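Here's a quick briefing for anyone opening this structure for the first time. Have a look at it, then read on.

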Amino acid sequence: MTSMATVTTASRPAPTAPGALPLLGHWLRFGRRPYRFMSTLPAVGPVVRVKIPGYDTYVVTDPELVREAFVALSDQGHMIERGEALLGEGVTVLQGQRHKRERRMIAPAFAKSRIARYATVMTRLGAERAAAWHDGEALAVNEEMHDLALRTVAGSLFTGELGSETAEHIHRLLPPVMTLLSRRVTRPAWIDRLPLPGNRRFDRLVLDMKAATGTIIGAYRAELAADPDLDHGDLLDTLLKARDENGTALTDSQVHDELINFLVGGTEAIGATLAWVFHELGQNPDVEAALHAEVDALLTDARPAEFGDLTGLEVTKRIVLETLRKYSPWLTVRHVPTDYTLGDTEIPGGSMLFVCPVAVHRDPAIHPDPERFDPDRWLPERMATMSKGAHIPFGMGTRQCPGNVFALTEIALQVATISARWRLRPAPGVLVRETVIGALVHPERLPMIVEAR
């Protein structure tokens, strides 16, 4: 068992990844697809040092050590703090006791009873999206799924007429602000302070988002003051009613920050995963046939999937898990505050610990034949022999994504709803490439043809 203690005599320094350049270290090897570089590191060792200018960095490649690191270490260090310009002091960014306090406060927003209510939004918007398509139409599926994910999380955050107006406003603001944020977190911090056009536009967008959420937060507070028993049934209502152990509520600023954290997390990751699901179905006709058999038996007359259908969507849920294996985040970060021994490897205090979920998920020593799309990996008997650190799309420990059940529910319901009506065929002659946007692996372009079933 390892501990946050002085390094023992049995420990050893981590090997350094090959290919470092003077001054630049391994920075160029990260390049456009950093997870490809990180996928080479298991051959070097279970914990490997990589050289990134300005950081002392180690990469964990062994799933048992990944689990140990996620459970033992919770703070994310300076890199995640670069996202504060947009994410503020939301649960994604907070560290230490403040993170624990706020995570406990927002937990009721993701209780099963609440997820069941959000599922009505997921079902309605999935059905509306499916109804808008036409047989033979060519779609940019990555854009369609990103838009669907954004509308779904916004619809779960806000209800009513004012909620719809707020959601539509944020729907216009979030894509450009996320594009600018992804550039900021991967460049030196001093550039953020320059009066560049991109910096000024980013600041304006952030202020616009605060104004939009400020209006609806004020309106909800006024309604709750007039009727404390009022329940809008949405995420914002739950956040406004949250209290810590001392009975203290979240401030308007904290509520805003949590709303933005939910919007970002619930849009980027879910949108990318939905897109990859349909890509893989188009590439694997046997898997697609199994999915269609399931939804045809359960969703008579191609009705939309509802929350109560989840227990019968076993094939669908395995397809979602397998998609999350192949296309999970490429980077999760932990800060090492004091000298630490992980396995038998010394990690100096002040270091950053990188975990690359997609590299773990594509390691043939962990998942045999990892490039093959095989939903049966997630049959109960096969999962029983799998290390807990072998599948980490939502992280582990106290930093596990609080919206993981929300995400799994949305993806399963919307995949089933769309698949009951449509088959999405790959566009002829198009090679679908992976690209990194922020911490996620997205399809660069995903044109597909809609075919009525």
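What follows covers a sheet, a surface patch and some salt bridges.

This is a predicted model, so to speak of local features takes pLDDT of at least 70 and side-chain atom pairs count only at pLDDT 80 or more, while totals for chains, interfaces and linings use all residues. Residues are numbered from 1 along each chain as its sequence is written, and side-chain values use heavy atoms, with hydrogens and water left out.

**The sheet**

- Four strands make up an open, mixed sheet, in the order β2-β3-β8-β5. Strands here are DSSP runs of E with at least two residues, helices are runs of H or I with at least four, and both are numbered from the N terminus; two strands pair if DSSP finds at least two bridges between them.
- β2 (47-52) and β5 (332-336) sit at the edges with a single partner strand each, so one side of each has no neighbour in the sheet.
- β5 and β8 (residues 351-355) run antiparallel, joined by five bridges; Val336 faces Ser351, and Val333 stands opposite Phe354.
- β3 and β8 run parallel, with four bridges between them, and Tyr58 has Leu353 as its bridge partner.
- Both faces of β8 are covered: Ser351, Leu353 and Val355 are buried on one side, Met352 and Phe354 on the other. Buried means under 20% relative accessible area, exposed means over 50%, and partly exposed is in between (1.4 Å probe, protein chains only).

**A nonpolar patch**

- Leu21, Leu23, Leu24, Trp27 and Leu28 form a nonpolar surface patch with about 550 Å² of accessible area together. Patch residues have over 30% relative accessible area and no salt bridge; nonpolar side chains (Val, Leu, Ile, Met, Phe, Trp, Tyr) are joined within 5 Å, like charges within 9 Å. Areas come from the Shrake-Rupley method with a 1.4 Å probe, and for residues only the protein chains shown count as cover.
- Trp27, from helix α1 (residues 27-30), is partly exposed at 39% relative accessible area.

**Salt bridges**

- The structure has 29 salt bridges, each a side-chain nitrogen of Lys or Arg within 4 Å of a carboxyl oxygen of Asp or Glu.
- Arg377 and Glu322 meet in one of them (2.9 Å, N to O). Arg377 is in the loop between α15 (357-361) and α16 (380-383) and Glu322 in helix α14, so the pair ties together parts 55 residues apart in sequence. Both residues, Arg377 and Glu322, are buried.
- Salt bridges with shared partners link Arg129, Glu144, Asp147, Arg151 and Glu168 into one network.
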